[in-house]
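Hello,

Here is the structure I promised to pass on to you. Have a look at it first, and my notes follow below.

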Amino acid sequence: MSDATGTESAGGSAEIPAGGLGLNRRNLSARTGAASEPAPVRIAHLGLGAFHRAHQAWYTDVADEANEWGIAAFTGRSPQAAEELAAQDGLYSLIERSVDGDSITVIDSISEAVDGARVDRLVEHVAAPDTALVTLTVTEDGYALGADGRPDLANPSVAADVEWLRHNLGAAEFDLSGAPRTALARLLAGVEARRRSGAGALAIVSCDNLPENGELTRAGIFELAELAGATATREHLAEHVTFVSTSIDRITPKTTPADVAAVAAATGWRDRSPVVTEPFHDWVLSGEFGAGRPAWEKAGARFVDDIDPFERRKLWLLNGSHTLLAYAGAARGHRTVAEAVGDPEVRSWVEQFWAEAVRHLPAEGLDLDAYRAALLERFDNARIQHLLGQIGQDGTTKLRVRIAPVLRAERAAGRGGEASVRVLGAWVAAARDGRLPADRAGDALAAAAAASGERSVVDLLRLVDPELLEDPAIVAAVSRAAGAFASV
Ligand SMILES: NC(=O)c1ccc[n+]([C@@H]2O[C@H](COP(=O)([O-])OP(=O)(O)OC[C@H]3O[C@@H](n4cnc5c(N)ncnc54)[C@H](O)[C@@H]3O)[C@@H](O)[C@H]2O)c1
Ligand SMILES: O=P(O)(O)OC[C@@H](O)[C@@H](O)[C@H](O)[C@H](O)CO
């Protein structure tokens, strides 16, 4: 349902050229003949970031030729992305950036862009009978779950939200003055409103880089309902709400001022909020959609019974090697994925890590050799400026799901897992040297890094995955690897 202002450019300066046409539905319709009315909202989305706009909103845009599936997209923490997009009627330019040039398209599947603090609006949309699904890209941190997968009550926002839910889910009307702050609590309030409105089935579709993301979301929401003593909401969840697991893939870096200028120069649109992504895209989904969904398969999405092998392939091979590059590549002075993977030493570390990981993936149906070759090509695309500093954020959570499972599997098979150990060593060295990007573990991470000698390795690894400490050889090996990175 998008317009067709496809065009080619090769990027530009950081200046927005004077003039140009403001991007909004009236101007788009006048220029291209596209429908000027937004599609009716049938999808609510939490986490209006770059990835949602490059992935789910793009899939919906391509699939929804009849303009029937509009998205109401909510930011998670700051209103800025919603304000910028609302000023453009939800429209934005998607820059598909290949090694040869840019292809730019206006995406119009977001019908409403809303500040996440507007919990009233979210609740209204989730309760509406026309709404069929809720998608999420709130980052791994946004689920606010502890290492045991349960709501992290040590997080003050979660504790406050449980209190709010306890007082409001059973009340005749929600008191939104102290409305929930965390994504799952907001969603649970919406589900309770949907129960009251008598609307039927709803599918909740997690699109974050987490293993078993559907099941994790399901367990987190059920546990919140339990903590809030919300029996009726819990029963409604069990009867009417399904949780869909997904493996999602499209490398999407942060937009830069140069990208804004490139759109203006290539298309004439004055767009404050474009998104850059790679041409590659993949979406594998598993679960029930009781109230329907867009025909995402028209854009290449696949629906499978067992998502686990796809999920592990992507999380370990792509995200695992991204995490490797973020610490081991950065230690060698590299700034972006393409720079780091262009360093033959670092590239060989990536290949070694992949060799460890693929031993624990099914050989059938995953085409692992082709997948790895394609990954190298994607990482080599130097026109995508994917910053290692961005990828390296929240390493404790990411190492837990991307590296630790491979290392544990290698050790269980009687091998050393040297390539996985190297990633942990690079991360430990960066933590000790104060070179780590921001991490949700904050003070605990700083305290662990400040401990002396092997103690710091033990304390740091505990933050990643306490199970790693059950094998003393891992601590010794990570200490040695960290020593090697400290001297890089
Ligand atoms: N960017 C990619 O290449 C990519 C690819 C695959 C999957 N993903 C998944 O999508 C997520 C978002 O990536 P992005 O590129 O859109 O990032 P982004 O920074 O552009 O957007 C993140 C969104 O999540 C919200 N958010 C952040 N922290 C939150 C919190 N604690 N609670 C609630 N909401 C919160 C933000 O407000 C924003 O709306 C990633 O963390 C990852 O799980 C990203
Ligand atoms: O988005 P994050 O922070 O979970 O991880 C950083 C990258 O590894 C990730 O965004 C990949 O680019 C993406 O998963 C590719 O599909």
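The chain is split into domain 1 (8-305) and domain 2 (309-486), with bounds that come from an automatic or database domain assignment. Their C-alpha centres are 29 Å apart. Across the boundary, 16 residues of domain 1 are in contact with 19 of domain 2 (contact: C-beta atoms, placed from the backbone, within 7 Å). On the domain 1 side, eight of these residues are nonpolar, two polar and six charged. Here Ala, Val, Leu, Ile, Met, Phe, Trp, Tyr, Cys and Pro count as nonpolar, Asp, Glu, Lys and Arg as charged, and the others, Gly among them, as polar.

Please keep in mind that this is a predicted model: local features need pLDDT of at least 70 and side-chain atom pairs pLDDT 80 or more, while totals for chains, interfaces and linings use all residues. Residues are numbered from 1 along each chain as its sequence is written, and chains are lettered from A and ligands numbered from 1 in the order written.

Now to the ligand. Ligand 1 has 22 residues around it, the closest being Gly 49, Phe 51, Gly 76, Thr 139 and Gly 142 (near means a C-beta atom, placed from the backbone, within 6 Å). By class, this shell holds seven nonpolar, 10 polar and five charged residues. Helix α2 (residues 50-54) contributes the most, with three residues; helices are DSSP runs (H or I, at least four residues) and strands are E runs of at least two, numbered from the N terminus. In total the chain has 21 helices and 14 strands.

Along its principal axes, the C-alpha trace spans about 60 × 55 × 40 Å.

Best wishes

Notes: Contact = placed C-beta atoms within 7 Å.
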